[in-house]
Amino acid sequence: MDELEKNVLLIREKVLARLDLSREISDEELEAIITEERMAFARDGMFSIRDRVRLEQQVFNSLRKLDAIQELVDDPEVSEIMVNGPKKIFYEKKGRIYRWDGQFTSEERLVDILQQIVARHNRVINLSAPIVDSRLADGSRVNMVLAPISIDGSALTIRKFPEHPLTMQQLIAMGAICEEAADLLQTLVKARYSMIISGGTGSGKTTFLNALSQYIPSDERIITIEDSAELQIQGVDNLVRLETRNSNTEGVAAITIHDLIRTALRMRPDRILCKFRVPTSQTSIFSSF
């Protein structure tokens, strides 16, 4: 543990001791308390301005956000975050994988973060349900595997998506698809042909389907069905998004893809977009146009 991490832990403990847990504390109040404790901990001359900002930000992230990986979540150029236990964190940026110099203080702290993520979507992760798919507030896809199923510590994988999905024109400009193929797909979508989009992990299936959705007429009613909500359908107002749910030990029943398809057919859809993973090395997306 380096000096910065030690200082973060010390200030975090002092801040926690001051918090009034009987009422809601705003982010602004918390930031003010962190600054006061940092100033009491050390004179400004002991840290550069950059180090003071980083120290206070890391304390705040450890209390309100995703701790050691929040900077990666906030970086728009990072597309994937991979946590292999509390001490090994990797990320993908512009197609290359790097090791992150941050880490969680312990396995317990990492599990706390996992619990925070699933709690926001009324899901549970524990020894009875050690593998969970969820998502962040910005729509990023999350997969979690608790130890000891993940042998070297709990694993967390976050697939981030761009704030603004790529358009078909951008895919053409990038050389991902030619104009002739895009024109053909536009004709097929408008003619309501059914399509299957399949490929390996990270091959761009969701990105492509999001771009393809721009060809759907804006006056249609669309139902999306996903095992983990990721689609960013463009230009459609009459949209219903459905997501599966796992069962848990508290008696909550599972909601499957089959359940949602049956329900969607009763919701007067013009189109159903169904995205799911098949139990093979490939991942498939079925789109009913």
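The secondary structure of this protein, a predicted model, comprises 9 helices and 11 strands, taken as DSSP runs (helices H or I, at least four residues; strands E, at least two) and numbered from the N terminus. Local features need pLDDT of at least 70, side-chain atom pairs count only at pLDDT 80 or more, and totals for chains, interfaces and linings use all residues. Residues are numbered from 1 along each chain as its sequence is written, and side-chain values use heavy atoms, with hydrogens and water left out.

Overall values are listed below.

| Property | Value |
|---|---|
| C-alpha trace along principal axes | about 70 × 50 × 35 Å |
| Buried share of the 289 residues | 42% |

Buried means under 20% relative accessible area, with a 1.4 Å probe and protein chains only.

The largest nonpolar core has 25 residues, of which Ile69 and Leu156 touch the most other members. Such a core is a set of buried Ala, Val, Leu, Ile, Met, Phe, Trp, Tyr and Cys residues joined through side-chain atoms within 4.5 Å. Helix H5 (107-119) is among the elements that each supply at least two residues, and H5 gives the largest share, 5 residues. Beyond its neighbours within four places in sequence, Leu156 has contacts (heavy atoms within 4.5 Å) that include Ile69, Leu114 and Val142.

A second, separate core of 18 residues includes Ala182, Ile222, Val236 and Leu273. Strand S10 (residues 271-276) is largely enclosed by the rest of the structure, because 5 of its 6 residues are buried. S10 runs parallel to strand S8 (residues 222-226), joined by 5 bridges; pairing requires at least two DSSP bridges between two strands. Thr224 stands opposite Leu273 in S10.

Conventions: Buried < 20%, exposed > 50% of the residue type's maximum accessible area, 1.4 Å probe, protein only.
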